[in-house]
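Subject: Structure for your files

Dear colleague,

Here is the structure I said I would pass on. My notes on it follow below.

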Amino acid sequence: MKTVVMSQGLDAALSPLEKSLLSLFAPEKERRANELYRKISKKKKVALSSIPVILDRLYTKGILERRAETCRGGARYVYKLQLDKSHFEKSIVENTVNALIHKFGQSALSYFNERFTRGK
Amino acid sequence: MSALPGGNEMIHALFAEIANNGLLISGILGFAALSFIALFFLNRTKENVRKKLLWIYLHLVFLFAPLLFVVFYWTCKTILLNCLQKALLWTVPASVPITFLGGFFVVPYIYRKMHAAKVVRSKEIAAFIRKYSSFLSLKKAPKVYYLDTAKPIAHTFTNLIPGIFISVGMFESLNRKELEAVLLHELYHIRSRSSFLKFSTLFVRMFSPIARFSVTYKELSDEEQNADQFAVRMQKTKKFLKSAKKKLEEFK
């Protein structure tokens, strides 16, 4: 299966389970929560009810896009990778920076300040 | 033509006119007493939602009838008011039915549009709803709509067109039996017109200063328990409802 190449920045922004789920996506291919659960439960111990929560988080972070569809069980989301390159890059940068600030606090802020004051 | 009297003089003159009219005073006091009696019976009524709704609206009618009469009396009998003053006088009694109509018809419509609610096209769910709607003697089986949000939400509207609204997040989080427990819970709310009771409770607390202190939301929590008990009775176990609630708590 094709895997998504993840940058070091993306590693900092995502949890291990988020990264595992994201690795199951291929560009242009749509995925549903139950099929992702079937694949990921072979490698990791995870509850079915956790999958929609994590997918929603990835959607909120702008990494995935989704649409709702009606189905036998009622309704479900169909997810796929956010392919708008600028949108995808922006959300990766935003999540990475937020994760660094959350983790390192003042050190991260000081670094950014120095970095942008110095210029490229 | 002489100029109309100023605001304060006009108000004093109008109140003096009412105070001198014994019949009018008796009528106002009589209606006020009836509104208190309706509130008293509302607080005593348990279980029966239709009776509670009846007492709520009787309370409001008796409360606002004197106001309507006084406004009508002032605007028709007296020449002291100009058109604008008469129109302003009518805004208070007019706001009550306008708010009611807005809440009853417009809010559900806006809610549907805001959440882009769409009908669930599942034969299994439709068959389940038809079966229990017939059990509950509902005239028409309500439609089930899905809301485009991952947050687990389930509720009903029982205005003109009853409907059950369940979010995609809830459909994805629950298994079939847990979902059936939720649908049974919501069907009970449609049967007992709980959403109309909730709306009416909010409405009477908004417009009646007396009801603010005596009408509580206890009736609504009683309805929630009744709906839970119905789901448990139909499924013959608490297990599915309990696990559905647990999953919803975990999401929060």
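In chain B, helix α5 (residues 123-135) and helix α7 (residues 176-191) have axes that come within 11 Å and cross at roughly 40 degrees. Axes here are lines fitted to C-alpha atoms, for helices over the stretch in contact, with angles from 0 to 180 degrees between N-to-C directions. Helices (H or I, at least four residues) and strands (E, at least two) are DSSP runs, numbered from the N terminus. α5(B) and α7(B) are therefore oblique to each other; angles under 35 degrees count as roughly parallel, over 145 as roughly antiparallel, 65 to 115 as roughly perpendicular and the rest as oblique.

This is a predicted model, in which local features need pLDDT of at least 70 and side-chain atom pairs pLDDT 80 or more, while totals for chains, interfaces and linings use all residues. Residues are numbered from 1 along each chain as its sequence is written, chains are lettered from A and ligands numbered from 1 in the order in which they are written, and side-chain values use heavy atoms, without hydrogens and water.

On the α5(B) side, the contact (heavy atoms within 4.5 Å) is made by Ile125(B), Phe128(B), Ile129(B), Tyr132(B) and Ser133(B), which meet Leu179(B), Glu180(B), Leu183(B), Leu184(B) and Leu187(B) of α7(B). Of the residues in this contact of α5(B) with α7(B), eight are nonpolar, one is polar and one charged. The classes are nonpolar for Ala, Val, Leu, Ile, Met, Phe, Trp, Tyr, Cys and Pro, charged for Asp, Glu, Lys and Arg, and polar for the others, Gly among them.

α7(B) also packs with helix α11 (residues 239-251) of chain B, at about 95 degrees and with the axes 8 Å apart. α7(B) and α11(B) are therefore roughly perpendicular to each other. Lys177(B), Glu178(B), Ala181(B) and Val182(B) of α7(B) meet residues of α11(B) including Phe240(B) and Lys247(B).

Phi of Arg193(B) is near 55 degrees, a positive value in a residue other than glycine. Arg193(B) is partly exposed at 26% relative accessibility (buried is under 20%, exposed over 50%, partly exposed in between; 1.4 Å probe, protein chains only).

Chain A has an open sheet of three strands in the order β1-β3-β2, with antiparallel pairing. β2(A) pairs with β3 (residues 74-81) of chain A over eight bridges, and Cys71(A) stands opposite Gly74(A).

Regards

Terms used: Two strands pair if DSSP finds at least two bridges between them.
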